[in-house]
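Dear colleague,

Here is the structure that I promised to hand over, with the sequence alongside. My notes on what was found in it follow below.

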Amino acid sequence: MIVCKHSVSHRRPFRTVVFSGLVVALSGCALSPLASRTAAFSTAATATITQTMNAYQLVNQTYSDAQVATLVATYDTTPFDASKIKTYLPAKDLAVRTQVLNGLQQYATLLAEVSGNQPITDLETQATAAGNSLVKLQQDDFKGFKIDTTEQNLAVTAVAAIGSVLIEHERARALPGILDKMNKPIQDICKVLQDDIGTTDTPGLADALHRDYDKQIQAQIDFIHANETKMSADEKRTEIETLPKLVLAQQQSDQALAATSKSLAALAAAHAALASTKSQKDSPAFKLKLTELVQDAQTINGFYTSLSMKK
Amino acid sequence: MSTTPPATPLTGTADPKQAAFDALKGVLKSAQAAMNNPANTQAARDVARALWNATNDQLDALDQAVFTGNTVQLQAAAAAMTPGMTQLKALQTQISSLGNDLKEAASILSGIDNAVMELGVLGLI
């Protein structure tokens with residue numbers, strides 16, 4: 001291959017200008033406002049999904065604790081019946097919740113993967129690899145392909161920038177439709193999961209949990225009354241001290257379930273805001289909903305962590 | 001000319017589950033008060049305890065019925081996620097294929113590089 005040195009020396013500044021122009025033209029296109037919002041949403045959603053699973057576990061565990069406490073309190077007067085020992089939430093119904101929450105998690109993860117920086121980072125890695133291969137081609141007869149480090153960096157950046165624009169184009173084309181399509185199921189799922197929980201004044205898991213603590217408190221009172229004549233002063237004090245601890249745990253559990261329900265409502269609201277602001281550059285409404293969601297999720301996380309540490 | 005009578009407002013539309021729940025909670029509260037009242041005879045307290053246990057069982061069943069009753073709705077909502085999820089997975093595949101195309105380009109360039117080196121070793125270039 002014959003390459004004119006004169007033409008090579010003129011081609012280099014041209015390439016530099018072209019690459020620089022591409023970089024300038026395409027920079028700033030890396031992550032659209034919608035993509036950043038979907039990435040932020042999926043991060044916050046993950047926390048809510050985890051805490052909802054924790055709520056079901058808490059209800060089942062507390063029901064089991066109440067069964068044990070009642071058994072201990074009534075053992076001398078009521079024969080032990082193994083058939084009465086069972087989990088509160090039916091396994092097949094709980095499996096559906098697990099499946100649905102895993103589906104939501106998968107949606108949140110996919111949204112994060114598609115919307116986040118990772119595809120662009122991957123693209124930059126590939127572009128760098130391609131740039132390194134270009135630099136290796138430095139044999140004399142391939143002078144036409146020879147590029148210096150500055151050109152290589154510019155080429156890599158330009159290729160990555162083109163790739164970013166292509167990725168962003170694909171996102172902008174497909175994401176709004178997907179968000180629209182997912183909005184109703186997400187609203188429905190969050191509503192049903194909220195209905196599962198209810199409040200301490202309506203039928204649902206919050207009431208069941210509250211009464212399971214009532215049962216434990218009553219069983220503890222019964223245990224103290226039945227055995228107080230046989231207890232030392234210290235033993236009696238220890239048993240009595242359990243009562244306020246149970247009341248406190250009841251209050252915290254009530255709050256945890258209420259916060260989980262609130263967080264599910266915030267998740268639905270944040271997704272609705274995400275879907276309705278898909279074509280807007282900035283979205284204060286979405287940011288507000290997301291802030292509420294993050295705050296709720298953090299609050300619940302604190303509750304469940306403190307409860308699990310006490311177990 | 002016939003006239004349509006004005007619509008009568010509906011009354012008594014309260015959720016029957018909520019009504020049963022409220023009634024049971026009332027019974028539970030009074031039963032608990034009676035079983036823990038030291039002024040009552042042991043027999044009266046035993047009766048109150050039996051009532052408290054039975055009411056708790058009924059409330060457990062009611063709370064559980066909400067949970068199990070919601071399962072079908074939840075399955076339907078989850079099924080409605082499928083088309084959106086399929087589109088999202090397709091988008092992910094499309095985006096990752098852009099990176100793969102560049103990877104392919106890089107491997108072709110590496111291949112050319114290796115070929116040039118081998119030709120150089122053989123003294124052909």
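What pattern does chain B follow when it is read along the sequence? Chain B follows the pattern α-α-α, with three helices and zero strands, where helices (H or I, at least four residues) and strands (E, at least two) are DSSP runs numbered from the N terminus. Before going further, please keep in mind that this is a predicted model, in which local features need pLDDT of at least 70 and side-chain atom pairs count only at pLDDT 80 or more, while totals for chains, interfaces and linings use all residues. Residues are numbered from 1 along each chain as its sequence is written, and chains are lettered from A and ligands numbered from 1 in the order in which they are written.

Chain A comes to eight helices and zero strands, running α-α-α-α-α-α-α-α from the N terminus on. Of its 311 residues, 37% count as buried, whereas buried residues make up 20% of the 125 residues in chain B; a residue is buried if 20 or more other C-beta atoms lie within 10 Å of its own, exposed if 12 or fewer, and partly exposed in between, with C-beta atoms placed from the backbone. Among the contacts in chain A with a separation of 6 or more, 82% are accounted for by residues 24 or more positions apart, a contact being two residues whose C-beta atoms, placed from the backbone, lie within 7 Å.

The two chains meet where helix α3 (residues 91-115) of chain A packs against helix α2 (residues 42-79) of chain B, at an angle of about 30 degrees and with the axes 10 Å apart. Axes here are lines fitted to C-alpha atoms, for helices over the stretch in contact, and angles run from 0 to 180 degrees between N-to-C directions. On the α3(A) side the residues are A:D93, A:V96, A:Q99, A:V100 and A:G103, and they meet B:F67, B:T68, B:T71, B:L74, B:Q75 and B:A78 in α2(B). The residues of this contact divide into five nonpolar, five polar and one charged, where Ala, Val, Leu, Ile, Met, Phe, Trp, Tyr, Cys and Pro count as nonpolar, Asp, Glu, Lys and Arg as charged, and the others, Gly among them, as polar.

Two loop residues complete the picture. A:T199 lies in the loop between α5 and α6 of chain A and is partly exposed, because 16 other C-beta atoms lie within 10 Å; not counting residues up to four places away in sequence, A:T199 touches A:A206 and A:A258. One of these, A:A206, is among the buried residues of α6(A). B:N40, in the loop between α1 (16-35) and α2 of chain B, counts as partly exposed because of its 15 C-beta neighbours inside 10 Å. The C-alpha atoms of B:N40 and B:A80, 40 residues apart along the chain, are separated by 57 Å.
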